[in-house]
Amino acid sequence: MVSNMPLTQLRWGLLGTARIHERLIPAIRATPRGTIAAVASRDGARAAKFARQWSIPRSYGSYDELLADREIDVIYNPLPNSLHAEWSVRAAALGKHVLCEKPLACTVQEVDRMREAAARHGVVIQEAAMMRFHPQTAKLRELVAAKTIGELRCVRGVFAFVLSRAGDIRFDRALGGGSLWDLGSYCVSFMRTVLGQESHEVHGWQQSGPAGADTSFAGHLRFPNGVFGEFFSSFETCPHIEADLLGSAGRITLDVPWGSRPDAVSRIRVWSADDSGPQGTFSDASDSLRYEEFAFERVNAYCEQIASMTATLLDGAPPVITLADSRANVATLEALARSAAEGASVKMQAPDERSEEALKKGQAPREV
Ligand SMILES: NC(=O)c1ccc[n+]([C@@H]2O[C@H](COP(=O)([O-])OP(=O)(O)OC[C@H]3O[C@@H](n4cnc5c(N)ncnc54)[C@H](OP(=O)(O)O)[C@@H]3O)[C@@H](O)[C@H]2O)c1
C-alpha cells in the first residue's frame, strides 16, 4: 500500500510499451507535479530498452513487479482493452491510482469490478478519454445548455482512418478490438456528454474483419429528449474526423472533435438564427444565420488530461469522467455491438418502461 501521507508529487508507473506512451510521457513531464518512475513490459529487455529511450529510471519485466513498486503512486494503463479491468483492479488492490485508456472496459461487469476495487481501496480510477479534458468540450456543453442553436435535434460524428499495421490489437476481438470500441467510443462519449443524457435505444451495423473485430461500424442512437445521434467509425477509410450538432435554430461544427492538435488551432463554429432571417417551410437558405467561432490555440488534450488527473489526486478536484459515466459509455457500446450481432435495435430503458413498450408493440424488446 502507498503511504497515508498526503501526496504532493505523483510518481507514475507505465504499463506496457504501448505506442500511445509517446503522447503521455511528454504530458506527464509537462507538469511540475509528476515524474515517471518506472515502465514494465511482458518482456524485460523491451522494458529496459524503452526505459533507456525515454530516460525512465526503473524498468520491470512484468506488470506485477511494477505494481509491487512502493515508490509509485499512479499507474497509466494503456494495455489492450481486454486487459484494462484486470490490471486496473490489481493496481487498485495495491493502493495505486489508475489512469486507464478508453474504453474503460469491455463490459459493464468489468466496470463494476473496477468501481468496487476503487471504493474498497480508496483510490481513483479514471478513464483517459482525452477529448473530454479538452476545454472545447466544456465550451460546447455550455453552448448547448444555453440553447445557442435552439433545441438539439441531431448529433453526428465520424472517426476513421486506414489501419494498416498487421497484427494490431485493434483487429483482434479477443483483445477488445474493433473500430466501435477504439473510435466509436469517442463518438458515443461525445454524444452523451454534449446531451447530458443516456440513449434509450440503439441500432448498429458492422463490417467484420478476419479476427472477429469490426473494421467499420455505423451506429444510430435515440435519446429521451427526441435527439438522434449517428456515427461512423472505421479502420478502412481515408483519415477523417468530423462532428456536428443540428438544432432548431442553428448548427455547430467542430474542426478537431476527437484529436489533440497542439500544433494548430481547433475551432467550434456556430451558425445560429437571429430571428431576422426568413422562416417557413421552404426557407433552406443559411444566409440569415449569424456566424460565431470559438478558437482553442495549441491545446494539448493529453496535457489537459494529466493536469486534471493530477488535480484530482493532489488537490481533491472532482474527476472529469466518473466511473458511472464510463459505465454508461460501456453499456452503450455493448448495446451497439449486440445490435450489430443480432440485427435488431436494442432498447436501453429502465425495466418498467421496457415492459410497457413491449406490451404496446406486442413484442419483447431486447434489453441491456
Ligand atoms: N487516448 C488516445 O488518444 C489513444 C490513442 C491510441 C490508443 N489509445 C488506447 O491505448 C491503448 C493502447 O493502444 P496502442 O495503440 O498504444 O497499443 P499498442 O502499441 O499495441 O500497445 C499495447 C501494449 O500492450 C501490451 N500488451 C499486453 N498484452 C498484450 C497482447 N496480448 N497483445 C499486444 N499487446 C499487449 C504491450 O506491451 P508489452 O509487450 O511491452 O508488455 C503493448 O505495447 C488502447 O486501449 C487504445 O484504445 C488511446
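The ligand lies between domain 1 (10-128) and domain 2 (132-302), because both give residues to the shell around the ligand; the domain bounds come from an automatic or database assignment. This is a predicted model, in which local features need pLDDT of at least 70 and side-chain atom pairs count only at pLDDT 80 or more, while totals for chains, interfaces and linings use all residues. Residues are numbered from 1 along each chain as its sequence is written, and side-chain values use heavy atoms, without hydrogens and water.

Let's look at that shell. The ligand is surrounded by 26 residues (each with a heavy atom within 4 Å of it), and the closest are Thr17, Ser41, Arg46, Tyr63 and Tyr302. By class, 13 are nonpolar, five polar and eight charged (Ala, Val, Leu, Ile, Met, Phe, Trp, Tyr, Cys and Pro count as nonpolar; Asp, Glu, Lys and Arg as charged; the others, Gly among them, as polar).

Here are some polar contacts, meaning pairs of N or O atoms within 3.5 Å:

| Side chain | Distance to a ligand oxygen atom |
|---|---|
| Thr17 | 2.6 Å |
| Tyr63 | 2.4 Å |
| Arg170 | 2.7 Å |

On its own the ligand has 900 Å² of accessible area, and the protein covers 85% of this (Shrake-Rupley method, 1.4 Å probe).

And away from the ligand? Among the residues that line the largest cavity are Met131, Phe190 and Leu254 (a cavity is a set of points on a 1 Å grid over the protein atoms alone where a 1.4 Å probe fits but cannot get out, and lining residues have an atom within 4 Å of a point).

Key. A polar contact is a pair of N or O atoms within 3.5 Å; within protein, one must be able to donate a hydrogen and the other to accept it, and residues adjacent in sequence count only if both atoms are side-chain atoms. On a 1 Å grid over the protein atoms alone, a cavity is a set of points where a 1.4 Å probe fits but cannot get out, and a pocket is an open set with protein on both sides within 12 Å along at least five of seven lines; lining residues have an atom within 4 Å of a point.
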